[in-house]
Amino acid sequence: MKIRPLGDRILVLREEEESKTPGGIIIPDSAKEKPHHGKIVAVGPGKIGEDGRRTAMDVKVGDRILFSKYAGTEFKIDGVEHLFMREDDIMGVME
Amino acid sequence: MKIRPLGDRILVLREEEESKTPGGIIIPDSAKEKPHHGKIVAVGPGKIGEDGRRTAMDVKVGDRILFSKYAGTEFKIDGVEHLFMREDDIMGVME
Amino acid sequence: MKIRPLGDRILVLREEEESKTPGGIIIPDSAKEKPHHGKIVAVGPGKIGEDGRRTAMDVKVGDRILFSKYAGTEFKIDGVEHLFMREDDIMGVME
Amino acid sequence: MKIRPLGDRILVLREEEESKTPGGIIIPDSAKEKPHHGKIVAVGPGKIGEDGRRTAMDVKVGDRILFSKYAGTEFKIDGVEHLFMREDDIMGVME
Amino acid sequence: MKIRPLGDRILVLREEEESKTPGGIIIPDSAKEKPHHGKIVAVGPGKIGEDGRRTAMDVKVGDRILFSKYAGTEFKIDGVEHLFMREDDIMGVME
Amino acid sequence: MKIRPLGDRILVLREEEESKTPGGIIIPDSAKEKPHHGKIVAVGPGKIGEDGRRTAMDVKVGDRILFSKYAGTEFKIDGVEHLFMREDDIMGVME
Amino acid sequence: MKIRPLGDRILVLREEEESKTPGGIIIPDSAKEKPHHGKIVAVGPGKIGEDGRRTAMDVKVGDRILFSKYAGTEFKIDGVEHLFMREDDIMGVME
């Protein structure tokens with residue numbers, strides 16, 4: 001099933017917490033809100049501003065992103081957990 | 001009875017939770033806010049911005065959409081449960 | 001007594017909950033916020049935006065509308081209960 | 001003493017609840033927020049928007065208005081109770 | 001000591017509650033928020049809007065104003081109690 | 001160590017409560033929020049508005065200002081307590 | 001691993017509390033919210049305003065900044081703790 005996110009929303013395939021991956025390890029600390037990460041599988045067309053113009057998205061399908069663990073709405077597509085979130089909930093892209 | 005939604009509102013015919021449908025299964029997980037889904041039966045003309053222009057809607061009648069379970073206002077039309085919601089409450093369109 | 005609503009307000013004559021009317025039945029469900037309905041008896045001139053322009057109203061006198069049960073301010077005119085509400089509190093028009 | 005309201009404020013002389021006046025009776029119901037009414041005795045010059053323009057007021061001295069019972073700030077002028085409120089707190093004008 | 005208020009702030013010399021002054025008596029009622037009054041001793045240059053323009057103030061030094069009793073920040077200058085408040089906290093000017 | 005405040009922030013060297021200084025005494029009262037005062041030691045370049053323009057600051061290094069006691073974030077520079085605050089937290093300048 | 005922050009976000013390498021460093025000592029006080037400091041390791045492209053223009057960032061990679069201890073979202077990159085925050089959470093740059 002293909003999903004088209006609306007506005008500035010993206011669809012993310014959440015990745016497991018990597019705690020021992022060599023090269024590019026992301027080990028969350030326990031003290032504060034921690035980012036989770038995942039891969040973007042679908043990107044909305046962007047938000048329409050007060051002036052009617054649509055703002056282009058800064059991310060694309062395939063980008064691996066970091067986001068707050070409180071961001072997004074979970075649901076499963078074909079048995080795999082995904083997250084909808086707004087682009088503004090993304091903190092950064094892993095390159 | 002025909003309903004004309006106002007502004008950026010849509011009218012949705014909620015679909016039952018499909019938990020075993022083959023092809024395009026949406027099985028909600030229990031941990032977080034989960035999206036529900038339904039079919040759009042009526043679409044408002046769009047919201048009017050500060051500059052007086054109306055922003056076109058990104059969805060149309062017949063679209064099958066995903067939305068937060070907290071979105072919308074329920075009511076029955078001719079005995080069938082429907083939901084009013086704003087376009088911004090829609091997370092994505094199933095294609 | 002005639003009432004002229006200000007800005008984007010309308011004056012509504014609330015209708016009784018129709019629970020058995022044939023053709024166009026609206027039976028509220030008990031789970032969520034439910035819309036009420038009524039007939040518009042007066043319409044304000046529209047809201048004035050930041051740029052000084054007045055936005056035209058999308059409803060007119062005589063329209064039968066659906067609205068949240070929490071919308072509006074009640075009062076009686078000549079012994080009949082009415083509601084003041086803003087156009088944005090209207091979910092849709094019954095046609 | 002003459003009072004000049006600032007911005008979009010008005011000064012209102014509150015009227016007693018008329019519960020038996022013939023012709024134009026306003027009998028408040030007990031279930032919800034109820035409007036009160038009064039006569040406008042002074043009107044501000046209007047609010048200045050982000051663009052520096054002043055928006056004209058939709059009411060004038062002498063108008064009899066309906067407003068929420070929670071609207072306004074009470075004070076007495078020469079022994080008579082008055083209310084300051086913003087134009088947006090007015091629901092409608094009685095004609 | 002001279003004080004220059006910033007933006008849309010004013011400096012007010014609070015006046016005692018006049019409860020028996022003949023001509024222009026302001027006797028606060030006990031039911032609601034009540035306005036206090038005072039004389040403006042300093043006026044800021046006005047607020048700068050999103051477009052970089054400064055909006056002129058509607059009050060001037062010497063104006064006797066009415067304001068909510070919750071408005072403002074108290075402090076003493078040369079032993080006399082004053083209040084800083086924003087122009088929007090002023091309800092009206094006594095003339 | 002030199003600090004460059006960002007946006008519309010300023011850096012303030014807080015002054016002790018002067019309660020007996022002759023000429024320009026500021027004795028805080030106990031009833032309400034009271035302003036504190038201090039000397040500006042660094043000024044940011046100003047805030048950038050929605051239209052991309054930077055709004056000039058109304059204060060400069062050396063100004064002695066009044067501010068709410070709840071304003072600002074404390075920290076010590078070279079052993080002396082300072083405060084970061086936004087220009088909008090300043091109530092006035094002592095002249 | 002390289003991280004590209006989105007919008008007006010930056011990535012900061014937090015520095016230990018310096019409590020005895022000679023020259024440029026920052027000793028946090030205990031009474032209020034205290035700023036922390038760190039070095040910027042990555043800077044987003046800036047926020048896009050309502051008019052579609054991107055506002056340039058006021059900080060650059062290598063800047064040593066002060067920020068509220070409540071600002072930011074922690075995570076570790078290659079075993080070292082970092083913080084994501086918005087430019088507006090930065091109070092100042094140490095020079």
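The model is predicted, so local features need pLDDT of at least 70 and side-chain atom pairs count only at pLDDT 80 or more, while totals for chains, interfaces and linings use all residues. Residues are numbered from 1 along each chain as its sequence is written, chains are lettered from A and ligands numbered from 1 in the order in which they are written, and side-chain values use heavy atoms, with hydrogens and water left out.

Keep chain A and switch to cartoon. Chain A has seven strands and zero helices, running β-β-β-β-β-β-β from the N terminus. Strands are DSSP runs of E with at least two residues, helices are runs of H or I with at least four, and both are numbered from the N terminus. Of the 95 residues in chain A, 49% count as buried; buried means under 20% relative accessible area, exposed means over 50%, and partly exposed lies in between (1.4 Å probe, protein chains only). Among chain A contacts with a separation of 6 or more, 65% are between residues 24 or more positions apart, a contact being heavy atoms within 4.5 Å.

Next, the charged pairs. Over all chains, the whole structure holds 70 salt bridges, each a side-chain nitrogen of Lys or Arg within 4 Å of a carboxyl oxygen of Asp or Glu.

Select Arg54(G) and Asp58(A): their side chains form a salt bridge at 3.0 Å, N to O. Arg54(G) lies in the loop between β3 (35-43) and β4 (64-68) of chain G and Asp58(A) in the loop between β3 (35-43) and β4 (64-68) of chain A, so the pair joins two chains. Arg54(G) is partly exposed at 36% relative accessible area, and Asp58(A) is partly exposed at 24%.

Move to Asp63(A) and Lys60(A), whose side chains meet in a salt bridge at 2.9 Å, N to O. Asp63(A) is buried, at 7% relative accessible area, whereas Lys60(A) is exposed, at 53%.

Then select Arg86(B) and Asp88(C), a salt bridge at 3.1 Å, N to O. Arg86(B) sits in strand β6 (residues 80-86) of chain B and Asp88(C) in the loop between β6 (80-86) and β7 (90-94) of chain C, so this pair joins two chains.

Finish with Lys2(A), Arg4(A), Lys60(B), Asp63(B) and Glu95(B), which are linked in a network of salt bridges.
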